[in-house]
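Q: I would like to go through this model with you. Could we begin with the overall fold and then turn to individual elements?

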Amino acid sequence: METKKSRAKYWLYFTFWLALMVFALFDPYWRQWFWLALPGVATHFSLGMDII
């Protein structure tokens with residue numbers, strides 16, 4: 001029988017990366033860092049949804 005893991009920390013990380021990505025998208029100086037936040041959003045979303 002498999003034990004169910006809590007995925008709350010993944011959703012917390014996803015929220016952090018999403019906020020950072022949105023901030024980087026709208027701030028002219030940080031716009032170049034948008035692409036560095038994108039993998040964090042995708043990874044933690046898929047971990048939160050238990051896809052990977």
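Q: How many helices and strands does the chain have?
A: This is a predicted model, and its chain has two helices and zero strands.

Q: What is the radius of gyration of the chain, and what would a compact globule of 52 residues have?
A: The chain has a radius of gyration of 13 Å, whereas a compact globule of 52 residues would have one near 10 Å. Along the principal axes, the C-alpha atoms fill a box of roughly 50 × 15 × 10 Å.

Q: And how much of the chain counts as buried?
A: Of its 52 residues, 23% count as buried. The accessible surface comes to about 4,500 Å², and carbon and sulfur atoms contribute 71% of that.

Q: Turning to helix α2, what span does it reach?
A: Helix α2 covers residues 34–48, which is 15 residues. From first to last C-alpha it reaches 21 Å, close to the 21 Å expected at 1.5 Å a residue.

Q: Which residues of α2 are buried, and what do they pack against?
A: The buried residues of α2 include Phe34, Val41, His44 and Leu47. The buried residues of this helix pack against α1.

Q: Which residue with positive phi follows α2?
A: That is Asp50, with a phi near 60 degrees.

Q: Now Leu20: where is its place?
A: Leu20 lies in helix α1, residues 8–26. Its C-alpha atom is separated by 19 Å from that of Ala8, twelve residues apart along the chain.

Technical notes
Residues are numbered from 1 along each chain as its sequence is written. This is a predicted model: local features need pLDDT of at least 70, side-chain atom pairs count only at pLDDT 80 or more; totals for chains, interfaces and linings use all residues. Side-chain values use heavy atoms; hydrogens and water are left out. Helices (H or I, at least four residues) and strands (E, at least two) are DSSP runs, numbered from the N terminus. The expected span of a helix is 1.5 Å times one less than its number of residues. Buried means under 20% relative accessible area, exposed over 50%, partly exposed in between (1.4 Å probe, protein chains only). Contact means heavy atoms within 4.5 Å. The radius of gyration is taken over C-alpha atoms; the globule rule is 2.2 Å times the number of residues to the power 0.38. Accessible areas come from the Shrake-Rupley method with a 1.4 Å probe; for residues, only the protein chains shown count as cover.
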